[in-house]
Amino acid sequence: MAKITYIEHNGTEHVVDVANGLTVMEGARDNNIPGIEADCGGACACSTCHVYVVPDWVEKLPAKDDMEEDMLDFAFEPDPERSRLTCQLKVTDALDGLIVQMPEKQI
């Protein structure tokens, strides 16, 4: 289980416990966190679960694969360093304390 903080674009914080084995996107969906639409259901076929990872966490996460990099090209205002698709972040104990910030909108 990992405690993950989701921060809406307007600054509203949601701190939730997400079970290991789920994705950060599933944690948002299961806890009704606004700002992560996940239109493709986690198949890495869209960019509607895009977030910005806080700088302290960028190096702690697994590297982006080519498919995630490609999908991020379609995200709203992607940041080359901080942007991630939450469907590609599998929750483990190592993600305890992760903080992600939502973009202004998902496209």
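This is a predicted model: local features need pLDDT of at least 70, side-chain atom pairs count only at pLDDT 80 or more; totals for chains, interfaces and linings use all residues.

Student: What makes β1 and β2 a pair of strands?

Tutor: Strands pair if there are at least two bridges between them. Strand β1 (residues 2–7) and strand β2 (residues 13–18) are joined by 6 bridges and run antiparallel. One of the bridge partners to look for is Glu-13 in β2, which sits across from Ile-7.

Student: How many residues lie between β1 and β2 in the hairpin?

Tutor: There are 5 residues between them, and Gly-11 in the turn has a positive phi of about 100°.

Student: Why are Asn-32 and Glu-77 called exposed?

Tutor: Exposed means over 50% relative accessible area. Asn-32 has 68%, so the word exposed applies. Glu-77 has 53%, so Glu-77 counts as exposed too.

Student: How do you know that Lys-3 and Asp-17 form a salt bridge?

Tutor: The rule asks for a side-chain nitrogen of Lys or Arg within 4 Å of a carboxyl oxygen of Asp or Glu. For Lys-3 and Asp-17 the N to O distance is 3.0 Å, and the pair is a salt bridge. Lys-3 belongs to strand β1 and Asp-17 to strand β2, so their contact ties together parts that are 14 residues apart in sequence. By this rule the model has 3 salt bridges.

Student: Why is Asp-17 called partly exposed?

Tutor: That label covers values between the 20% and 50% limits. Asp-17 is at 44%, so it is partly exposed. Lys-3, with 39%, is partly exposed as well.

Student: What makes Arg-29 and Asp-30 a salt bridge?

Tutor: Their side chains meet at 2.9 Å, N to O, and the limit is 4 Å. Arg-29 is partly exposed at 45%, and Asp-30 is partly exposed at 44%.

Student: Which parts does the salt bridge of Glu-68 and Arg-84 tie together?

Tutor: The side chains of Glu-68 and Arg-84 meet at 2.8 Å, N to O. Glu-68 is in helix α3 and Arg-84 is in strand β4, so the pair links parts that are 16 residues apart in sequence.

Student: Are Glu-68 and Arg-84 buried or exposed?

Tutor: Buried means under 20% relative accessible area. Glu-68 has 1%, so it is buried. Arg-84 has 6%, so Arg-84 counts as buried too.

Student: Which residues gather in the patch of negative charge on the surface?

Tutor: The patch holds Asp-65, Asp-66, Glu-69, Asp-70 and Asp-73.

Student: Why is Asp-73 called exposed?

Tutor: Its relative accessible area is 61%, and exposed starts over 50%. Look for Asp-73 in the loop between α3 (66–72) and β4 (83–85).

How values were computed. Residues are numbered from 1 along each chain as its sequence is written. Side-chain values use heavy atoms; hydrogens and water are left out. Helices (H or I, at least four residues) and strands (E, at least two) are DSSP runs, numbered from the N terminus. Patches are made of residues with over 30% relative accessible area and no salt bridge: like charges are joined within 9 Å, nonpolar side chains (Val, Leu, Ile, Met, Phe, Trp, Tyr) within 5 Å. Accessible areas come from the Shrake-Rupley method with a 1.4 Å probe; for residues, only the protein chains shown count as cover. Lys and Arg count as positive and Asp and Glu as negative; His and the chain ends are not counted. The place of a charge is taken as NZ of Lys, CZ of Arg, CG of Asp or CD of Glu. Buried means under 20% relative accessible area, exposed over 50%, partly exposed in between (1.4 Å probe, protein chains only).
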